[in-house]
Amino acid sequence: LTQWPRYEVFKQDKSNKPHEAIGTVHAPDAEMALLNARNVHVRRPACHSLWVVPESAILKVTAQQLASHPQDQADENSTDQHYEIFCKRGKRRSMIAATHVGTVEASTANMALSKMLEHDDSADVWWVVPQQAITRSDDELIESWFEPAQHKTYRHQSGYGKVQVREAN
Amino acid sequence: MKISTKVALANALLGMADDELVLAHRNSEWIGHAPILEEDIALANIAQDELGHAMVWYTLHQQLTDGDTPDQLVYFREADQYRNVQMMEQPRGDWAFTFLRQYLFDAYEQVLLSHLSQCSYQPIVDPAAKIKQEELYHYRHSALWVQRLGLGTEESHFRMQRALEQLWPLAMQLFVPVEQNQLLADEGFFPELLEMERAWQAMVMAHLTSANLQTTANSDFITMPRTAHSHHLTELLGDLQQVARVDPEAEW
């Protein structure tokens, strides 16, 4: 049996927050991946926008790999495209694999990463995502996909009573 | 509101609630059995949403009739007191059948809830608008599966076409006028169902055709009222009501 391809899921909590890599889904195509991402990852949490990207389209590099990572030579003939850059620093917020930090124009993913590193090389993990590989939830869907959850109070932790351990006498 | 109108509207609400409940139960039968984890979760989500919607309509029914609570209605009615259409009580079938049934119902809800979000009975308006938003997401999911399987492999197309032949006549029961339908429609409480059918047909036919699926001739249409049920509902309720009926006085 063949497994469906894997997609990375990026969630933006609010319009002024960056997209964050929150997990993966398997799906036969990008549109299905977006639906599955909504079901699996954002049935309850706050969400403003959702992206899915085939994992195979993403360049992922760790700080350790960077030293030995082969850098592409600039190719005069290839045209530039936009890349979204994500990174992860330290071990805090372990559920988030990477956070969006900027957009870079370059001819290849490696070139995009090199450009990024000129400004900042302090992260532990870098992800380079070609813009054209991203499938996005359109604004029309916000009401239908993300807003109903906000009215459901049972999704809030504060809606549940605390369990206390009683001291034995 | 006149008593006769009240009774008719309460009956219409009961039909809506029972449709949601029975469909949710059938979809919940996939939990742990769906072909892939993501879809298992998706179907469980959809089923849970439909249950929530059923709860909303049962509660409104209770307020209108000053009658039974949702739990009493769900656990202690016999099959012949249920008002869902027979399409919902059919066994879950295969993946194609499950998602085509969901799709036909999702499209129906889009049309119905558009009407009800302008209902003259104010307590229906807000939930109808809210539920319509949530249903739009179900609609997109089920429509996508109908298209993917319709246009997919030879086998997936065969299964979707077979499901359509089974479900198409059954779906027509959604548009059998409810009790006092004309009266309710005249006063703006509930849409005229035969008229609603046209909007639904236009919506659904375009999508089915684009998925290379053909509907059958009109002659097989089911026009029985919502009081008629198959043995499938009796069996379903046997499962659904079993625990509650062991100890009807138990508090949960």
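Helix H1 (residues 3-28) of chain B gives the largest share of the lining of the largest cavity, 4 residues. The model is predicted. This cavity has a volume of about 50 Å³. The structure holds 3 cavities of 30 Å³ or more. Lining the largest cavity are Asn11(B), Ala12(B), Gly15(B) and Met16(B), together with Tyr108(B), Val178(B), Phe190(B), Leu193(B) and Arg226(B). By class, the lining residues divide into 6 nonpolar, 2 polar and 1 charged.

The largest nonpolar core has 96 residues. Helix H5 (residues 95-116) of chain B supplies the largest share of this core, 14 residues. The residues with the most contacts inside the core are Trp57(B), Met87(B), Leu100(B), Leu104(B), Ile124(B) and Trp200(B). Leu104(B) illustrates the packing. With residues up to four places away in sequence left out, Leu104(B) touches Met87(B), Leu167(B), Trp168(B), Ala171(B), Trp200(B) and Val204(B). Another core, of 17 residues, lies apart from the largest one. Among its residues are Leu59(A), Tyr83(A), Ala109(A) and Val128(A).

The contact between the chains was examined next. Chain A and chain B bury about 2000 Å² between them. Of this area, 54% is on carbon and sulfur atoms. The contact takes 22 residues from chain A and 18 residues from chain B. Three residues of chain A stand out: Met32(A), Asn39(A) and Arg43(A) supply 27% of the area that chain A buries against chain B.

Terms used. Residues are numbered from 1 along each chain as its sequence is written. Chains are lettered from A and ligands numbered from 1 in the order in which they are written. This is a predicted model: local features need pLDDT of at least 70, side-chain atom pairs count only at pLDDT 80 or more; totals for chains, interfaces and linings use all residues. Side-chain values use heavy atoms; hydrogens and water are left out. On a 1 Å grid over the protein atoms alone, a cavity is a set of points where a 1.4 Å probe fits but cannot get out, and a pocket is an open set with protein on both sides within 12 Å along at least five of seven lines; lining residues have an atom within 4 Å of a point. Grid points are joined across faces, edges and corners, and a volume is the space filled by probe spheres set on the points. Helices (H or I, at least four residues) and strands (E, at least two) are DSSP runs, numbered from the N terminus. Ala, Val, Leu, Ile, Met, Phe, Trp, Tyr, Cys and Pro count as nonpolar, Asp, Glu, Lys and Arg as charged, and the others, Gly among them, as polar. A nonpolar core is a set of buried Ala, Val, Leu, Ile, Met, Phe, Trp, Tyr and Cys residues joined through side-chain atoms within 4.5 Å. Buried means under 20% relative accessible area, exposed over 50%, partly exposed in between (1.4 Å probe, protein chains only). Contact means heavy atoms within 4.5 Å. Buried area is the accessible area (1.4 Å probe) that two parts lose on being put together, summed over both.
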